[in-house]
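Visitor: I have a structure open and would like to talk it through. Could you take me around it, starting with how the helices pack?

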Amino acid sequence: MVNRRNFLAAAAAATGAAQAADELAIQGGKPVRETPLHARFFGPLYYDEKERQQLNEVVETGRPFRWYGPGNQPPMKVLTFEQEFAARMQSRYALAVTSGTAALQTAVAALGIGPGDEVILPAWTWHSCFNAVVLAGALPVFAEIDESFNIDPEDIESKITPQTKLIMAVHLQGNPADLDRILPIARKHGIRVMEDCAQSVGASYKGRPVGSYGDIAIYSLQLNKTISAGEGGAVVTNDPLLFERASRFHDLGGLRPPHEKELGRGKAGWFIGSQFRLNEFSGGVLLAQLRKLDRIVADVRANGARVYEGIRDLPGIRLRRLPDPAGELASAVFLGFDSKARRDRFMAMMKAENVPVGPPGGSVILPTQPHIENKVTVHPAWPSFTSERGRAIQYGAACCPRTIDILSRFAGPSLDPKMTRRDTDDIVAAIRKVYPRV
Ligand SMILES: Cc1ncc(COP(=O)(O)O)c(C=O)c1O
């Protein structure tokens, strides 16, 4: 029965509960979630009988090698993956390789980049980008990032010299780089563009897949990426000569009949290549995964949209810059702060709410890595650093102060495509609770 005394007691209890829920968990209040929320690896969340069937077929036919095997039928998994990948990425040719790093080395070799050449890349990206340039004997030159966490087009031009042959437009953490500004700079100076889509497989820019804009593009299909066979990579291009050189480089310098058939008669001859052939087990799994790519992308974008919608109206909110908001994967949502101290406070508060957030991830500030700063290579006479320019170039923190500053001021939740509405509601609730009090 509701009398005045009961009513007042209930109201007081409700207010107390609301206050407890409102009190920050870091100060002893009730956390938004009981247990921590963590994003998971995308590809394996979608593994089912389709991947199993692909693997079984390879076991049953005894044809694990991409070019030939027992029986009358040729192995078709890697080749079919290449054809469907090229179509999905709206490029003429695709080459499957063993990793994104192998794809980078292959693309650099296809472009014929080597000693004496310079390559501009962002100061914030993965080791593979720098390593591929150095392993080709060329010289990496860093440019700063902007608040998209991708290469800052404004910083590119000042890094161009007569030796610059390539700009690496890396689409980091699901966010396409600013191609509308990068491509004209490259065109103006007669420099090629490679898109590194390793961290943005399935993202698009102004309505077309990332990777379909540059001279050549690479993708990674390793565990942290949108689709995965554990390891794997791909190179795409519209240029038949680049495809031929890529195919040759990835297979010791020769051109195999299935690719020769695609190209018509090859124009390049043998040259020294490596061995980055993908096997049919991986090809089969990647084919099954590729056929799910659109679903995975739609799912993670839907989760991203819920988080963005839930926090957009917060007074003063500042988000990572998105050159094409409709095209990003939304695999993470980043909030910016005016200082590292505030950003770190935000991270501590969110962790206490059991909705941990992280700084930008999946890359490193390359110029500050000791082995890069000290130009440590396979051999002391490595051609990248023995030229006058190679000896003179300085890496280290002094070459990327803006990159270091930007990355110290952003943090946010990583998302996965199978997070539930409850999960994204918790992310929104925790940010709304914490952000105004950072
Ligand atoms: C931007 C970027 N490029 C290239 C790679 C290399 O890919 P993989 O790990 O498949 O060699 C990665 C891997 O994380 C990456 O993040």
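**Helix packing, burial and the ligand shell**

Guide: In this predicted model, helix H12 packs with helix H17 (residues 421–434) at an angle of about 25 degrees, and their axes lie 9 Å apart.

Visitor: So are H12 and H17 roughly parallel, or roughly perpendicular?

Guide: H12 and H17 are roughly parallel to each other, because an angle under 35 degrees counts as such, and the crossing of the two helices is right-handed.

Visitor: Which residues of H12 and H17 meet there?

Guide: On the H12 side they are Asn303, Arg306, Val307, Gly310 and Ile311, and these meet Thr424, Ile427, Val428, Ile431 and Arg432 of H17. Sorted by class, this contact has 5 nonpolar, 3 polar and 2 charged residues.

Visitor: Switching to H11, is that helix largely enclosed or open?

Guide: Helix H11 (residues 280–290) is largely enclosed by the rest of the structure, because 10 of its 11 residues are buried; among them are Glu280, Gln289 and Leu290.

Visitor: What do the buried residues of H11 pack against?

Guide: They pack against helices H2 (42–45), H3 (49–61), H4 (77–88) and H12 (293–311), and also against strand E1 (93–97).

Visitor: New topic: how many residues surround the ligand, and which are the closest?

Guide: The ligand is surrounded by 17 residues, of which Gly100, Thr101, Trp126, Ala198 and Ser220 are the closest. By class, the shell divides into 11 polar, 5 nonpolar and 1 charged.

Visitor: And which helix gives the largest share of that shell?

Guide: That is H5, with 3 residues, while helix H5 (100–110) and helix H6 (127–135) each supply at least two residues of the shell.

Definitions and conventions
Residues numbered from 1 in each chain as written. Predicted model: local features only at pLDDT ≥ 70, side-chain atom pairs only at ≥ 80, totals over all residues. Buried ≥ 20, exposed ≤ 12 C-beta atoms within 10 Å, placed from the backbone. Helix = DSSP H or I, 4+ residues; strand = E, 2+ residues; numbered from the N terminus. Contact = placed C-beta atoms within 7 Å. Near = placed C-beta within 6 Å. Nonpolar A, V, L, I, M, F, W, Y, C, P; charged D, E, K, R; others polar. Axes fitted to C-alpha atoms, helices over the stretch in contact; angles between N-to-C directions. Parallel < 35°, antiparallel > 145°, perpendicular 65-115°, else oblique. Left-handed = near helix turned anticlockwise from the far one by under 90°.
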